[in-house]
Amino acid sequence: MPMEVASASALYNDHVNPQWVKLLDVLGMNVPYTRCCGSELFLQDGNRVLDFLSGYCVHNVGHNHPSVVAALKDELDRSGPAMLQSHVPEAAGELASRLCKLAGGQLSKVFFASSGSESVEGAIKFARAHTGRTGLLYTEGAFHGLTCGALSLMGNPFWREGFGPMLPEAEQIPFEDAQSLEAKLSSRQFAAFIVEPIQAEGGIRIPQREYLQTAQQLCKKYGTLFVLDEVQTGMFRTGAFLAAHHYDLDPDIIVLAKALSGGLIPVGAVLMSNEVYKSVYSSLKRAIVHTSTYSENGLAMRAGLATLEVLETERLGARATAMGNELRRRLRETLFGYEMVKDIRGIGLLSGIEFQAPSKIGLRVPFEAFQRIHPGLFGQMVVMRMFRDERILTQICGNNFMVLKAAPPLIVEETRIDQFVGALGRVVELIHSSSTFWSDALALARRALNI
Ligand SMILES: Cc1ncc(COP(=O)(O)O)c(C=O)c1O
């Protein structure tokens, strides 16, 4: 018998993360889910929630896609070697070959991992081994993961505070600033420049083509590896298989994770050139010098193959482009003109709605009160309203609290786009026209924070 939801939740509260439970309670988002399917999440009380978050770009093929589920069941039923650590896992070869073909350029080898962070760690080690240098360059606003190496590539103190010193050789430069990049690279001390081609948690920041092209050239000129973190932007999220393809880039290393296994099994992948690979696995003696227990495990590899099959046969890249363009067109039509809406931008099905501080006194006073309590409060209240009033799951960007992210599964139907736009339109109207939005939220924040 499955444990009753309430008691299972109490166990989570007691033994996993009570603060997370409290936060969800405060936001009215602590609801029991019974089933997730496509872009819909079914609740115990019979209601449904529309998913416009996709687990931060994990569920590109939709929740529990039947083909991925079937592939996993098959793999379990055949009782094959899941993780012998003493054989050649054939599915890993198959998946690596398909990934390299889709990625193109010089990428011909893959190291598999079990998360985005672990893949970033791998990329750091491969870049250091290849160049014989230790320095790492990253950009302001970046999100690369929360393990120590990956966290060393993130400047936001929110994520770092209390965890002691990070890698000392990691340096931050502004995003989309080729001059700063060259000034650093010219020291020839940097193994890698690690950058998201489009910053997701940074606020859906889409750089000019010239910036990334120049960055690639500069890296080549100064002997630094050009590493693209496509953990959120890869797997057709932006329309193309990789965001790099929009910019005609040929990076030395690509990092993938999240959507690669259909949202069902942890996975990560570091795609690299043969030259980079050879600097790590350089001899028989070093055949296992960088490994990880669950790397190449049968379930993750099968899920990856099935996910690629779905993404390609259902042409979800083209769908992401068409639906994303339609979403932003309708959002602009509905939201432009509201003084707190600053920008609507995106590519494929990765969109951001950026809010700004209001100038009208009636809005400015409560907004400033929100800011004093917490800079993320305004955005979180928008998320809360979208969830509680409209039954739509969204989030604000982790490194830019004024940007609401809209990233539904790529299978999202057009009627769902309408539903999202209508819902956000109503929430934005409430923000601008009623004191309820502000007073309710202030009361709630004060209760939660005991102020
Ligand atoms: C761009 C990017 N890189 C790396 C990571 C880390 O991935 P993971 O959470 O799987 O470790 C994330 C996670 O959100 C991410 O967005």
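Two strands count as paired if DSSP finds at least two bridges between them, and strands (E, at least two residues) and helices (H or I, at least four) are DSSP runs numbered from the N terminus. The model is predicted, so that local features need pLDDT of at least 70 and side-chain atom pairs count only at pLDDT 80 or more, while totals for chains, interfaces and linings use all residues. Residues are numbered from 1 along each chain as its sequence is written, and side-chain values use heavy atoms, with hydrogens and water left out.

Met-272 in E10 is the bridge partner of Ile-253 and also stands opposite Lys-109. Strand E9 (residues 253-256) pairs with E10 in the antiparallel sense over 4 bridges, and E4 runs antiparallel to E10, joined to it by 6 bridges.

## Burial of E10

Of the 6 residues of strand E10 (residues 268-273), 6 are buried, where buried means under 20% relative accessible area, exposed over 50% and partly exposed in between (1.4 Å probe, protein chains only). Gly-268, Val-270 and Met-272 point one way from the strand, whereas Ala-269, Leu-271 and Ser-273 point the other way. In a regular strand, side chains alternate between the two faces of the sheet.

## Leu-27

Leu-27 lies in the loop between helix H2 (18-26) and strand E1 (33-37), and is buried, with a relative accessible area of 5%. Beyond its neighbours within four places in sequence, Leu-27 is in contact (heavy atoms within 4.5 Å) with Gln-380, Met-381, Met-384 and Arg-388. Gln-380 is 353 residues from Leu-27 in sequence, yet their C-alpha atoms are 8.0 Å apart in space.
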